[in-house]
Amino acid sequence: MKRHLNTLYVTTQGAYLFKDGETLAVKVEETVRLRLPIHTVAGVVCFGQVSVSPFLLGHCAENNVAVSFLTVNGKFLAKVQGPASGNVLLRRQQYRMADDTATCAATARFFLTGKLANARTVLLRALRDHGEKIDASAVRRVVDRLSQHLTGLEARSDLDALRGLEGDAAHAYYGVFDQLIVSCHEAFRFAGRNRRPPLDPVNCLLSFLYTLLAHDVRSALETTGLDPAVGFLHRDRPGRPGLALDMMEEFRPFFADRLALTLINLGRVRPKGFITAETGAVLMDEATRKEVLIAYQERKQDVVEHPFLREKMPLGLLFHMQATLFARYVRGDLDGYPPLLWK
Amino acid sequence: MFSEEALLPISALQHLLFCRRQCALIHIERAWAENVFTVQGGILHERAHEQGYESHDGIRVARAVSLRSLQLGLTGVADVVEFHPASDGLETAFPVEYKRGRPKAEACDTVQLCAQALCLEEMLGRPVPAGALFYGRTRRRLGVAFDAALRETTQAACQDLHAFIRAGLTPEAMYDSRCASCSMEGACLPRACGGKRSVRTYLRQALETP
């Protein structure tokens, strides 16, 4: 069984990472602040002005440790990885499936089923936990709408119709998302999704969590040998990781959205941790970003039972499991792709 | 005769004989996972490999010897090849393969060793009549004679291997006692992919009971 290893996130500006024997060392202003044995690390994510020695990069490539570079705000820039893993036959089959309209739609439907079902569960949880504090009837209406759409997915076999259902479901879901924020509600208002740039703290938080999620899903797909760029629900667009975005859909509601809500509702992020630029774009300050990263890492340690495999595993391993299950579906071992349905 | 391009690793023979799906996952799907057994095996091999050449009782011992056979289409590295003095004044090669566990009922270890012997015969142009398997668990050597039957089994396994890899199809999974010691279980998912679990049923059941 693959082990769930930690990802090292380096946010300290000016940090220098280098290889020291079999360990990865982090130096800040001439002081070594951290040393980690390389075999305990699954990936390294560098935010902003962080540099990595070529020897460490090589060592990471040899040990299957992916190193990614992001801007301070989490926009993906580049990634260093060893020789392409996996199997050309798997990738060719993936391309054939994506080229076939009917297979493409059937595959997209698996991802959408995961997305809609998990979005519904997020709303049901909110009703259960905060039923008296929120506009329960509005939330319940959206739950019903999502249920209808889940049934509707079955009947639709063309991609445009499926995307239409998705669009409507997303609109309805984000329409009541504001209801799920029960603390500091004045500062954490959510009036719809915006992202380029995020214009309020909630969108800023969601965007950042989606970036972390995309990074993990993409790595898992690459490790499995799938091509993260060739999607089913998301059409090919150069530079866009279509399959990673497809697989993210099922993770968004319970992994990112729930985490954002928890951070806000438990007061782990505060309104003053967000900065509004002159243009209206909202950014996180460094302490908040760190807090979010810690919470994300903690969340990955939580153990759940995989609903399809019926085995217990840390949440962080789910990305790899889902990627493996997708690869097994592509290779014809399974009669479909089982999205992770969260209860 | 195979071209150098077409050579397959000798270790794949053993994977094929142990489990055809394991062989496909490693050599077709290119999935590889370490587990405690493969790491222990690696350490054992490292030790066998690092000591270089030595000589005792008139026997020359070579470690980490590169092998290939264009006849069988194989390439690989033997842990240890001993060179025993022969009656004609030359030397007779005697391959020794290190294994982590204990002797197995299946022929996979002897076939792997015999494949090494056939490579040595082709490369040295001299007969290689015998070799040995050294098992880490029992710390005993088990002598293996490369008789006609074993040679035939090995040659058949090589043909089978080449046809299998060329076809590029991964066989269906089957969950059984071998899975417990297999490092590929996480990539194979034998309990989910063995035809036992249906995604359609899973989705239907999960969506009926929100």
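Between chain B and chain A the count is one salt bridge, a salt bridge being a side-chain nitrogen of Lys or Arg within 4 Å of a carboxyl oxygen of Asp or Glu. That salt bridge joins the side chains of Arg21(B) and Asp333(A), at 2.9 Å from N to O. The structure is a predicted model, in which local features need pLDDT of at least 70 and side-chain atom pairs count only at pLDDT 80 or more, while totals for chains, interfaces and linings use all residues. Residues are numbered from 1 along each chain as its sequence is written, chains are lettered from A and ligands numbered from 1 in the order in which they are written, and side-chain values use heavy atoms, with hydrogens and water left out.

**Interface of chain B and chain A**

- Eight residue pairs are in polar contact across the interface, both residues being at pLDDT 80 or more; a polar contact is a pair of N or O atoms within 3.5 Å, where within protein one must be able to donate a hydrogen and the other to accept it, and residues adjacent in sequence count only if both atoms are side-chain atoms.
- On the side of chain B that touches chain A, helix H2 (20-27), H6, helix H7 (190-193) and helix H8 (199-208) of chain B each supply at least two residues; helices here are DSSP runs (H or I, at least four residues), as are strands (E, at least two), numbered from the N terminus.
- H8(B) gives the most to that side, with six residues.
- In contact terms (heavy atoms within 4.5 Å), 25 residues of chain B meet 29 residues of chain A.
- The area buried between the two chains is about 2,400 Å², and carbon and sulfur atoms give 57% of it; buried area is the accessible area (1.4 Å probe) that two parts lose on being put together, summed over both.

**Thr170(B)**

- Thr170(B) is in the loop between helix H5 (148-167) and helix H6 (185-188) of chain B.
- Thr170(B) is buried, at a relative accessible area of 14%; buried means under 20%, exposed over 50% and partly exposed in between (1.4 Å probe, protein chains only).
- Its side chain makes a polar contact of 3.3 Å with the side chain of Arg331(A).
- Leaving aside neighbours within four places in sequence, the contacts of Thr170(B) include Arg328(A), Arg21(B) and Glu29(B).

**Other salt bridges**

- Over all chains, the whole structure has 23 salt bridges.
- In Asp20(A) and Arg35(A), the closest N and O atoms are 2.2 Å apart.
- Asp20(A) lies in strand S2 (residues 16-20) and Arg35(A) in strand S4 (residues 31-37) of chain A, so this pair ties together parts that are 15 residues apart in sequence.
- Both partners are partly exposed, Asp20(A) at 34% and Arg35(A) at 45%.
- Asp160(B) and Arg20(B) meet through their side chains in a salt bridge of 3.0 Å, N to O.
- Asp160(B) is in helix H5 and Arg20(B) in helix H2 of chain B, so the pair ties together parts 140 residues apart in sequence.

**Chain B and a helix of chain A**

- Chain B has eight helices and seven strands, and 48% of its 210 residues count as buried.
- Helix H3 (residues 101-130) of chain A is mostly covered, with 22 of its 30 residues buried.
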